[in-house]
Structure formats: structure tokens, C-alpha cells
Amino acid sequence: KRDPRELQAAQPNLFLNETKLANAFQRLGELKQVAFRGGEPSLHPDFGNLLRVASQSAIEVIVETHGRWLLKDSEQRRILIEALQQASAVVKISFDPMHGLSTSQLLTATRVLDQHSISWLVAITVEDQARFAEIRILIPEVPADQTVFQALASTDDGLIRPEFGVVHVDG
């Protein structure tokens with residue numbers, strides 16, 4: 001609940017920094033894809049710099065987000081939009097019961113991304129395809145090719161080890 005900048009100043013070791021991220025990417029070489037996910041990446045005080053580092057090491061950068069930061073015009077939103085544009089990142093907005101974004105909020109967020117020529121997807125994270133279909137019907141304005149099903153993790157291990165892999169960086 002604290003301001004992320006205050007928390008970063010008090011406990012910098014809790015935050016990924018661009019130097020550690022760049023060093024990790026250097027060890028790995030060029031990557032096909034990097035995804036920022038878990039918690040809410042847009043809250044990181046230096047997220048724009050992390051996007052820049054990732055875009056220099058990966059062919060594709062994806063940002064998984066609840067998207068609420070797109071709803072109100074603010075300096076932070078302008079900074080993040082510019083960083084997303086420079087990184088040619090894809091924004092994946094979570095639209096499911098856990099994230100609580102309304103249909104109108106989702107459509108507002110996607111319009112903002114469209115206005116800034118930022119690629120986006122809508123991810124519906126639920127237990128099965130039947131539940132996906134129930135939620136998908138709520139957003140007929142969203143093209144089918146921009147909507148993806150993500151299986152809800154059924155174990156703790158599923159939360160920390162998604163199928164596509166994770167690189168842990170200290171800090």
C-alpha cells in the first residue's frame with residue numbers, strides 16, 4: 001500500500017533494477033520473448049527503463065497488467081505509454097474475475113492503447129474453456145484474435161513456474 005518510490009528508496013533490494021536485468025539478459029543472449037508479469041509491473045518506479053533493457057535483448061516484450069493505469073490520464077501513464085512505444089511492447093490486459101476490470105474499463109484501456117498504436121491482447125485467466133467462453137461473450141467488441149485463454153494455476157507451483165519458463169534475477 002506504500003508509494004512504490006518511497007518503498008524503493010527504503011528497500012531497494014526488493015526491486016529489480018536495470019543493471020541486474022541487463023546482466024541477466026547478457027548471460028542469456030538474445031531471447032525470443034520476455035514477459036513482465038506478476039503483481040502489477042506498471043507500479044515499478046523504473047518500469048520504463050526495464051522495458052528499454054528488455055527490448056534490447058528480446059525480439060518481443062510483453063507486459064501483463066490489470067490495465068487500470070490506462071484509465072486516467074496522468075504523467076505516469078504518459079511515461080509508460082512512451083516506454084511501451086519505444087520497446088514495441090505488447091500489452092496483455094487481464095480480464096477475469098480476479099482482476100475485476102469492468103467491460104467498459106477494458107474497452108477504455110484498449111482504446112487508449114489503440115490511440116497510441118500499442119499492440120494489445122486481452123487475457124482471460126480461468127479454470128477451463130467453458131468458463132473462458134462465458135467471460136468472452138461479455139466483450140464482443142474485442143476481436144477473437146486479440147483474446148487469449150490462460151489456464152488458471154491449480155497449484156502453487158503453477159503460479160511460480162508457468163509453462164514458458166522464468167528467469168529469476170536477484171533484486
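F36 is in contact (heavy atoms within 4.5 Å) with L21, P41, F47, L50, L51, A54, V61, I62, V63 and E64, residues up to four places away in sequence not being counted. The structure is a predicted model, in which local features need pLDDT of at least 70 and side-chain atom pairs count only at pLDDT 80 or more, while totals for chains, interfaces and linings use all residues. Residues are numbered from 1 along each chain as its sequence is written, and side-chain values use heavy atoms, with hydrogens and water left out.

F36 and L51 have the most contacts inside the largest nonpolar core, which comprises 40 residues. Such a core is a set of buried Ala, Val, Leu, Ile, Met, Phe, Trp, Tyr and Cys residues joined through side-chain atoms within 4.5 Å; buried denotes under 20% relative accessible area, exposed over 50%, and partly exposed in between (1.4 Å probe, protein chains only).

Helices (H or I, at least four residues) and strands (E, at least two) are DSSP runs, numbered from the N terminus. Strand β3 (residues 90–94) is largely enclosed by the rest of the structure, because 5 of its 5 residues are buried. V90, K92 and S94 lie on one side of β3, and V91 and I93 on the other. Strand β2 (residues 58–65) pairs with β3 in the parallel sense over 4 bridges, pairing requiring at least two DSSP bridges. The chain passes from β2 to β3 through helix α4 (residues 75–87) in a right-handed β-α-β crossover, that is, clockwise from the first strand over the helix to the second with the strands pointing away from the viewer. T65 has I93 of β3 as its bridge partner, and I93 also stands opposite V122 in β4. Strand β4 (residues 119–126) and β3 are parallel, with 5 bridges. Helix α5 (residues 103–115) connects β3 to β4, again by a right-handed β-α-β crossover.

In helix α2 (residues 18–28), the buried residues are L21, A24 and F25. These residues line one face of α2, since they fall within an arc of 95°, taken from the directions from the helix axis to the C-beta atoms. Elements covering them include β1 (31–36) and α3 (47–57). T19, Q26 and R27 are exposed on the face of α2 turned away from its buried side.
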